[in-house]
There are 2 protein chains.
Amino acid sequence: MKTISTNRSFGGTQGVYEHDAQATKTPMRFSVYVPDAAKDARLPVVMFLSGLTCTEQNFTTKAGAQRAASEHGLILLAPDTSPRVEGVADDEDYDLGQGAGFYVNATEAPWSAHYRMYDYVTSELIDLVRTHFAADVDRLGVMGHSMGGHGALVVALKDPERFKSVSAFAPICHPSVVPWGKKAFAAYLGADEAAWRAYDACALIEGGARQSKILVDQGAADNFLADGQLRPEDLEAACAAAGQPLELHRREGYDHSYYFIAPFVDAHLAHHAAILKA
Amino acid sequence: MKTISTNRSFGGTQGVYEHDAQATKTPMRFSVYVPDAAKDARLPVVMFLSGLTCTEQNFTTKAGAQRAASEHGLILLAPDTSPRVEGVADDEDYDLGQGAGFYVNATEAPWSAHYRMYDYVTSELIDLVRTHFAADVDRLGVMGHSMGGHGALVVALKDPERFKSVSAFAPICHPSVVPWGKKAFAAYLGADEAAWRAYDACALIEGGARQSKILVDQGAADNFLADGQLRPEDLEAACAAAGQPLELHRREGYDHSYYFIAPFVDAHLAHHAAILKA
């Protein structure tokens, strides 16, 4: 593991690191924020999964999450959104290929060679963080934004033993039925929509998957909400039908940007802290 | 004035705007954050002047200042750091020309045609903001970072009637004697160092300029501090000799980045609010 940068912030250390990932067979970058409280004890970890086009930098530089993480004594972990080096399959559209891994293990060529982001973020990266930082990965939560909100819901619902808490900003709640998800899943997972259900939060809940209370914030002025890409109403219906606890806030006037994430990230970290430190 | 973008954040509106500036004879972009409290009353304004290479975006997206601005009821104003269009004089170095206006009125060719950032930020931009926003510019403060910390100190010391409060992060305190300042002042103001004193915080204080208490934060692990570009000790000496109140904090482990600004920006805005709302 190579250190790209470290910066002191809010009484802790914000680092960016790179390693050769086995899951993707590429170098991968990620950011880790470690509060100074980690000098005395291993701390719970909250992983943030980012949205389309993002790298590990967007959340790290724009969300302002380090302040609340330091106060709660939480390590923040933010991976990149896909393998991202020359020679790895890509697409000229922003919503497929590099920057758009959708947190699945691709089964279809050419994507299957490197696009194994599900294994990467749920297993390899967690093991790496446990090895190199004062992280208690038995107290692990996950949050995310948009494509990464989808990712957070899916990894948490598929493995509630590993991920104890979950929240999302403007998640793609029902990817199997919206343009972004249908395009990505068809490419990565193939034409058989049955395979898509393993990576669809609504389908997972319908299929019996459960989690601790899911916290979601959704901007009411989000253009991707208006475009039908996000469908929080489908998540509400699935949770209501299944008895899965959900706290969903629609925020008047807020859009899809980090200007929407920053005001509500403190409440999300408080949600994770309440569960992980209980 | 053209609206480039608006985003709701922290119970207010973060906008980016562009206008044809008379001072620079170019289009100029700037950002304005307006808390909703401005619907009921004109609010005090704090202008943030950014450092070398920055635009209006850096402070706006990375400092996390909107939260405290909303709490205090302060409008935030962040201009670009220079004229920045094709045809305007530039230099291939990052510390001269576009992105490096140093908040002076250049007197030397080719810079004098467009590099009139002192007039722009102290007069034209303030008038524009008063016209288009619910801004009470009789309650105006200024803060800045690095080159913009220099700018904040200088504009505040030169016109304490206009700027009632001032603070800075890692300012270039004594530009006339450090490499960044000597290079920029020689280009913009010419070889006669007597002309430089009008834009040098230490020289202004020595010459009798005064302000309300100056608040400065300086990272102790700042590489530009080690390189001798910043010289807070010279500001301390000038203030001590002149009886100018100064509160200067050296922050162990912190560097020159926005990871250093974000943790201390709340205290800076509290400093401005205490003076502007007294």
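## Close-up views of strand β6 in chain A

**View 1. Strand β4 (residues 43–49) of chain A pairs with β6(A).** The two strands run parallel, and six bridges join them. This is a predicted model. One pairing to find is Phe48(A), whose bridge partner in β6(A) is Met143(A).

**View 2. On to strand β7 (residues 165–169) of chain A, another partner of β6(A).** Five bridges link β6(A) and β7(A). This pair also runs parallel. Look for Gly141(A): its bridge partner in β7(A) is Ser165(A). Now trace the chain between these two strands. The path leaves β6(A), passes through helix α4 (residues 147–158) of chain A and reaches β7(A). This β-α-β crossover is right-handed.

**View 3. Strand β6 (residues 135–145) of chain A is largely enclosed by the rest of the structure.** Buried here means under 20% relative accessible area. In a regular strand, side chains alternate between the two faces of the sheet.

**View 4. The setting is chain A, with nine helices and nine strands.** Its C-alpha atoms fill a box of roughly 50 × 40 × 35 Å along the principal axes. The radius of gyration is 17 Å; a compact globule of 278 residues would have one near 19 Å, so the two agree. Across the 278 residues, 61% count as buried. Among contacts with a separation of 6 or more, 72% come from residues 24 or more positions apart. The accessible surface comes to about 9,800 Å², and carbon and sulfur atoms hold 48% of it.

Conventions: Residues numbered from 1 in each chain as written. Chains lettered and ligands numbered in written order. Predicted model: local features only at pLDDT ≥ 70, side-chain atom pairs only at ≥ 80, totals over all residues. Heavy atoms only, no water. Buried < 20%, exposed > 50% of the residue type's maximum accessible area, 1.4 Å probe, protein only. Helix = DSSP H or I, 4+ residues; strand = E, 2+ residues; numbered from the N terminus. Pairing = 2+ DSSP bridges. Right-handed = clockwise from strand over helix to strand, strands pointing away. Rg over C-alpha atoms; globule rule 2.2 N^0.38 Å. Contact = heavy atoms within 4.5 Å. Areas by Shrake-Rupley, 256 points an atom, 1.4 Å probe, with all protein chains shown as cover.
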